[in-house]
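Have a look at it first, then we'll take the labels in turn.

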Amino acid sequence: AGSGDACLFAFIGHGAEVSGSVFLVPRDAKFRGEYRETSDLEKHVSRKCIRFAEVQATFARHRGAPSDAEATVFVLDCCRDGMSCAVTG
């Protein structure tokens, strides 16, 4: 990207929020329905999904380099339906 260019990150798919963190859920991520504790769910989601804060941090690290885009646009269309996980403990 050069001067005046914009960088676009788009994700259309499922999303999940666990303990205040937003995750992008890949199409092939599999979840079982119940977890004993919230920490079990957090560990599973962290292994299978992409934490949106990490995506933002990646773009932030590259910002300011001479060849980087001047603007970064994030487009998220993350449906949370179908993500039925429960903590039973």
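Q: What makes V73 part of a strand, and which strand is it?
A: V73 sits in strand β5. Strands are DSSP runs of E, at least two residues long, helices are runs of H or I of at least four, and both are numbered from the N terminus. Before we go on, this is a predicted model: local features need pLDDT of at least 70 and side-chain atom pairs pLDDT 80 or more, while totals for chains, interfaces and linings use all residues. Residues are numbered from 1 along each chain as its sequence is written, and side-chain values use heavy atoms, with hydrogens and water left out.

Q: Why is V73 called partly exposed?
A: Its relative accessible area is 39%. Buried means under 20%, exposed means over 50%, and partly exposed is in between (1.4 Å probe, protein chains only). So V73, at 39%, is partly exposed.

Q: Which residues does V73 touch, leaving aside its neighbours within four places in sequence?
A: They are C7, L8 and F9, where contact means heavy atoms within 4.5 Å. V73 and F9 are 64 residues apart in sequence, yet 6.2 Å apart in space, C-alpha to C-alpha.

Q: How do you know that β1 and β5 pair?
A: Two strands pair if DSSP finds at least two bridges between them. Here 9 bridges join β1 to β5, so they pair, and they run parallel. A6, for one, stands opposite A71 in β5.

Q: What makes β4 and β5 edge strands?
A: The open sheet has 4 strands in the order β4-β2-β1-β5, with mixed pairing. β4 (50-51) and β5 (71-79) each pair on one side only. α1 packs on this sheet and touches β1, β2 and β4.

Q: Why do F52 and F74 count as an edge-to-face pair?
A: A pair of aromatic rings is described by the distance of the centres and the angle of the planes. Rings of Phe, Tyr and Trp (its six-membered ring) pair if their centres lie within 6.5 Å; planes under 30 degrees apart are stacked, over 60 edge-to-face, and the rest tilted. F52 and F74 are 5.4 Å apart centre to centre with 80 degrees between the planes, so they pair edge-to-face.

Q: Is F52 buried or exposed?
A: F52 has a relative accessible area of 11%, so it is buried. F74, at 29%, is partly exposed.

Q: What makes R51 and E54 a salt bridge?
A: The rule asks for a side-chain nitrogen of Lys or Arg within 4 Å of a carboxyl oxygen of Asp or Glu. The closest N and O atoms of R51 and E54 are 3.9 Å apart, so the pair qualifies. By this rule the count comes to 1 salt bridge. R51 is partly exposed at 27%, and E54 is partly exposed at 48%.

Q: What makes a group of residues a nonpolar core?
A: The members must be buried Ala, Val, Leu, Ile, Met, Phe, Trp, Tyr or Cys residues joined through side-chain atoms within 4.5 Å. The largest such core has 9 residues, among them A16, F23 and Y35. β1 (6-18), β2 (21-25) and α1 (38-48) each give two or more residues to this core. A second, separate core of 5 residues includes F9, F11, F52 and V55.

How values were computed: Axes are lines fitted to C-alpha atoms, for helices over the stretch in contact, and angles run from 0 to 180 degrees between N-to-C directions.
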